[in-house]
Amino acid sequence: MTRKLAEVMWPALVANKILNRRLGSRNFIADYPSYTDPLLSTNNDDQLSLSTKSINDHSDTQKYKVFVSTWNIGGIAPDEGLNIEDLLETCSKSFDIYVFGFQEIVPLNASNVLGSEDSKISTKWNSLIRNALNKRTHHYCCKDIERDDDDNIEQDLKNICQGNIPAQQCKSAPQDFHCIISKQMVGILISVWVRSDLSPFIRHPCVSCVGCGIMGCLGNKGSVSVRFLLHETSFCFVCSHLASGGKEGDEKHRNSNVAEIFSRTSFPKGTILNLPRKILDHDHVILLGDLNYRISLPEETTRLLVEKRDWDSLLENDQLKMELESGQMLRGWHEGTIKFAPTYKYFLNSDEYYGCCYHGMKKAAKKRSPAWCDRIIWLGNGLKQIEYARSESKLSDHRPVKALFTAEVKVSSALKSFPSLFLSERFEQIKNVFEISPTNEFVCKKQSSFRL
């Protein structure tokens with residue numbers, strides 16, 4: 001490409017990227033179309049909305065189990081045989097909602113940042129997730145947490161994780177999970193899956209993409225946020241990749257990215273229901289991703305404390321912890337106790353941190369001080385974290401991080417008067433028109449995605 005032609009094309013490419021993100025609130029991949037799709041909506045929708053609105057004061061609260069993970073892949077494409085069971089392994093426990101966040105699923109080069117999204121890699125990841133979640137040999141506990149036993153849900157989860165529930169009380173059974181939202185922006189991918197019997201109660205799913213990278217608007221850095229309602233409670237998951245850099249003052253760029261994401265992320269308001277538009281308006285909000293916050297200590301001190309596994313001294317100087325406690329953008333947000341080693345930066349296929357002596361080699365030319373770059377934080381009443389841990393996959397220079405939550409969800413008493421509306425008429429209508437492929441391949445492999 002000649003220099004003159006590049007100068008002409010550059011503004012057009014940037015404008016196209018920005019325009020596509022702004023017009024894409026219903027542009028995502030899913031197993032089923034949105035339940036608010038005008039082509040599928042019926043008069044029953046309006047009647048139900050008005051009915052629940054008039055008697056919404058009477059509602060029950062149920063608790064659901066939510067699994068959230070984040071992983072910076074470093075631009076490495078997954079093999080078809082990649083085993084992600086370590087990422088999913090939560091004491092052989094099945095959850096109601098699974099949220100997977102990825103960063104750098106493709107290399108962040110000019111062609112990927114400026115060109116059209118290549119869905120091949122995201123399709124691979126979704127296929128791996130589908131196979132893992134729906135694996136027919138997956139074990140789950142019979143002494144599962146029932147919807148009518150909400151008071152003991154946290155203790156049950158802890159007992160299962162600690163092995164206090166006997167193996168005799170467990171059995172094998174197939175799981176059935178459906179993807180309700182999958183959205184990619186350059187290297188950022190978020191994929192949300194729910195139990196099949198919850199699918200009819202998912203409403204108003206949509207996405208919002210914010211680019212904070214090159215020129216302050218391109219998608220090499222930024223966020224992909226998803227919103228949906230489960231029964232009468234709104235969820236918002238924000239998958240982010242913030243500004244990098246380990247120099248003093250670089251944390252200000254990350255804080256600026258957070259401010260941009262909160263300000264520019266916007267969802268449709270809805271026609272009848274007054275749906276939340278901004279991230280902080282939702283009932284339950286979870287921010288996950290490669291947030292890139294570092295440890296404000298000299299590199300030698302940091303490495304020495306890592307060798308001693310002195311997490312407390314390191315966390316006292318962790319930039320995100322300081323922001324959560326006394327910062328401007330994330331004050332009041334919550335994070336679970338970190339009891340695992342820093343997740344960045346490793347040699348590939350190794351347990352050695354980058355910059356250390358490795359296999360007799362001299363110290364690497366470009367050093368990266370270890371840090372907890374990969375984090376999951378949350379905001380909202382009725383959201384409680386049960387576990388916070390990392391996985392040990394060595395595919396990239398980051399280690400995956402996962403968090404387990406219980407989430408309180410309001411269920412309108414009106415829904416109990418309309419069981420057939422959700423579980424028979426409309427749901428069967430949708431299933432008959434948009435049948436899920438019986439194969440393990442992701443349903444949207446050939447761009448037959450639901451662009452809503």
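Visitor: How far is the sulfur of Cys 212 from the closest cysteine sulfur?
Guide: This is a predicted model, in which local features need pLDDT of at least 70 and side-chain atom pairs count only at pLDDT 80 or more, while totals for chains, interfaces and linings use all residues. Residues are numbered from 1 along each chain as its sequence is written, and side-chain values use heavy atoms, with hydrogens and water left out. A disulfide is a pair of cysteine sulfur atoms within 2.5 Å. The closest sulfur to that of Cys 212 belongs to Cys 217 and is too far for a bond, at 9.5 Å.

Visitor: How many disulfides does a search of the whole structure find?
Guide: A disulfide is a covalent bond between the sulfur atoms of two cysteines. For the whole structure, the number of disulfides found is zero.

Visitor: Is Cys 212 buried or exposed?
Guide: Buried means under 20% relative accessible area, exposed over 50%, and partly exposed in between (1.4 Å probe, protein chains only). Cys 209, at 13%, is on the buried side. Cys 212 has a relative accessibility of 11%, so this residue counts as buried.

Visitor: Which strand runs parallel to strand 10 and is joined to it by seven bridges?
Guide: Strands (E, at least two residues) and helices (H or I, at least four) are DSSP runs numbered from the N terminus, and two strands pair if DSSP finds at least two bridges between them. The parallel partner covers residues 233–241 and is strand 9.

Visitor: Which residue stands opposite Leu 287 in strand 11?
Guide: Strand 11 (residues 374–379) pairs with strand 10 over six bridges, in the antiparallel sense. Strand 10 (residues 284–290) is largely enclosed by the rest of the structure, because seven of its seven residues are buried. Opposite Leu 287 stands Ile 377.

Visitor: With which side chain does the side chain of Thr 343 make a polar contact?
Guide: Thr 343 lies in the loop between helix 10 (319–326) and strand 11, and its relative accessibility of 0% makes it buried. A polar contact is a pair of N or O atoms within 3.5 Å; within protein, one must be able to donate a hydrogen and the other to accept it, and residues adjacent in sequence count only if both atoms are side-chain atoms. At 2.6 Å, the side chain of Thr 343 meets that of Asp 374.

Visitor: What is the angle between the planes of Trp 71 and Trp 125?
Guide: Rings of Phe, Tyr and Trp (its six-membered ring) pair if their centres lie within 6.5 Å; planes under 30 degrees apart count as stacked, over 60 as edge-to-face and the rest as tilted. Trp 71 lies in strand 1 and Trp 125 in helix 5 (residues 119–133), so the pair ties together parts 54 residues apart in sequence. The two rings are 5.8 Å apart centre to centre and edge-to-face, with a plane angle of 70 degrees.
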